[in-house]
Amino acid sequence: MSETDGGSPPPADKPARSRPRQMPMNRPFRDRTLAEAEGVNPHVALHRELPEVIPAEDAERWRGRWVEAFDSPGPLHLEIGSGNGFYLSGMAAQEPGSRWLGLELRFKRVVIAARKLQAANLKNARLVRFDAFNLARVFAEGELAGVHINHPDPWAKDRQAHRRLISEPVLTQLASYVRPGGELRLKTDFYPHVEALLAYVASPAGRHWEVLGTSHDILHDGAPWANDVCTNYQRKFNEKGLPVYAAWLRRTTLPRPEALG
Ligand SMILES: C[S@@+](CC[C@H](N)C(=O)[O-])C[C@H]1O[C@@H](n2cnc3c(N)ncnc32)[C@H](O)[C@@H]1O
């Protein structure tokens, strides 16, 4: 508020509110989750023992050659925030001709998801424990055929909005890693994520994506795409009778965006 717009400046003893923080993309990589959990969380040691899991400390060496991390062939699909692995294991079973990589930050969820892959004997799916805000450290141009984001954390309060995954910097980065013709599928209980995605695609920055379809209620109207698997969070919203929204994008054939790091 300025002195010319009719308002008064804050009293001298009350500091002016600071401007909202921007979440830096590719923030200097200090794995706080690991440092805090080591020696306390039993899933830290466990996740390193599971062959399905690539721990964060090994993830960067797969950049640009993720397909070599699988024993099976096929295009590579990434699920961001794969949680307990319902979608990852379900899609890997439905589409055995593709490779499926789940990216998840939380140790326990990575372990639970890996055990699902083991139980179903799925060779075309793996997990990487990594922070989705550091994607540039682990993915190279055009190496993904698809990105799947299911119920990303809403960070519903305005002051938390800078933490949202569905944001211009992340979507622009994904346009670099998803090859032309590839797809992005979003399912969410938080409609502002859909609005943000559609507003981004309509903006000049979003010209690398086009909208293939949307749904305002997957349970009743179906998902815009053919194969779908209900996620853990999706089931909870279905049980409460609350809508789950979807948006389906395709990567256009425009050259990749400027490197973002
Ligand atoms: C609301 S849960 C949804 C889980 C699952 N996709 C589902 O639909 O049931 C969000 C998931 O994203 C993960 N997550 C949140 N921030 C992340 C980040 N920066 N990097 C990787 N995963 C993240 C959380 O640990 C959690 O498993």
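**Figure 1. Contacts across the chain in this predicted model.** Take the contacts between residues at least 6 apart in sequence: 77% of them join residues at least 24 apart. Nine helices and eight strands make up the list of elements to look for as you trace the protein. As for burial, 35% of the 261 residues count as buried.

**Figure 2. The largest nonpolar core.** Here we zoom in on a set of 51 residues. Two of them, V147 and L174, touch the most other members. Helix α5, residues 107-119, puts in six residues, the largest share of this core. Where does the core sit relative to domain 1 (28-140) and domain 2 (146-261)? It lies between them, because both domains give residues to it.

**Figure 3. A closer look at L174.** Set aside the neighbours within four places in sequence, and L174 is in contact with V147 and L184. You've met V147 already: along with L174, V147 touches the most other members of the largest nonpolar core.

**Figure 4. The shell around the ligand.** There are 18 residues around the ligand, and G81, G83, A132, T231 and N232 come nearest. Sorted by type, the shell has five nonpolar residues, eight polar ones and five charged ones. Which elements each supply at least two residues of this shell? Look for β3 (99-104) and α9 (232-239). Helix α9 gives the most, with three residues. The two domains both take part, too: domain 1 (28-140) and domain 2 (146-261) each provide at least three residues of the shell.

**Figure 5. N121, a residue with positive phi.** Most residues other than glycine have a negative phi. To find N121, follow the loop between α5 and β4 (125-129).

**Figure 6. W155, another positive phi.** W155 isn't glycine either, and its phi is near 45°. W155 belongs to the loop between β5 (144-150) and α6 (168-177). Its surroundings hold 18 C-beta neighbours inside 10 Å, so W155 counts as partly exposed.

Conventions: Residues are numbered from 1 along each chain as its sequence is written. This is a predicted model: local features need pLDDT of at least 70, side-chain atom pairs count only at pLDDT 80 or more; totals for chains, interfaces and linings use all residues. A residue is near a molecule or strand if its C-beta atom, placed from the backbone, lies within 6 Å of it. Helices (H or I, at least four residues) and strands (E, at least two) are DSSP runs, numbered from the N terminus. Ala, Val, Leu, Ile, Met, Phe, Trp, Tyr, Cys and Pro count as nonpolar, Asp, Glu, Lys and Arg as charged, and the others, Gly among them, as polar. Domain bounds come from an automatic or database domain assignment. A residue is buried if 20 or more other C-beta atoms lie within 10 Å of its own, exposed if 12 or fewer, and partly exposed in between; C-beta atoms are placed from the backbone. Two residues are in contact if their C-beta atoms, placed from the backbone, lie within 7 Å. A nonpolar core is a set of buried Ala, Val, Leu, Ile, Met, Phe, Trp, Tyr and Cys residues joined through C-beta atoms within 7 Å.
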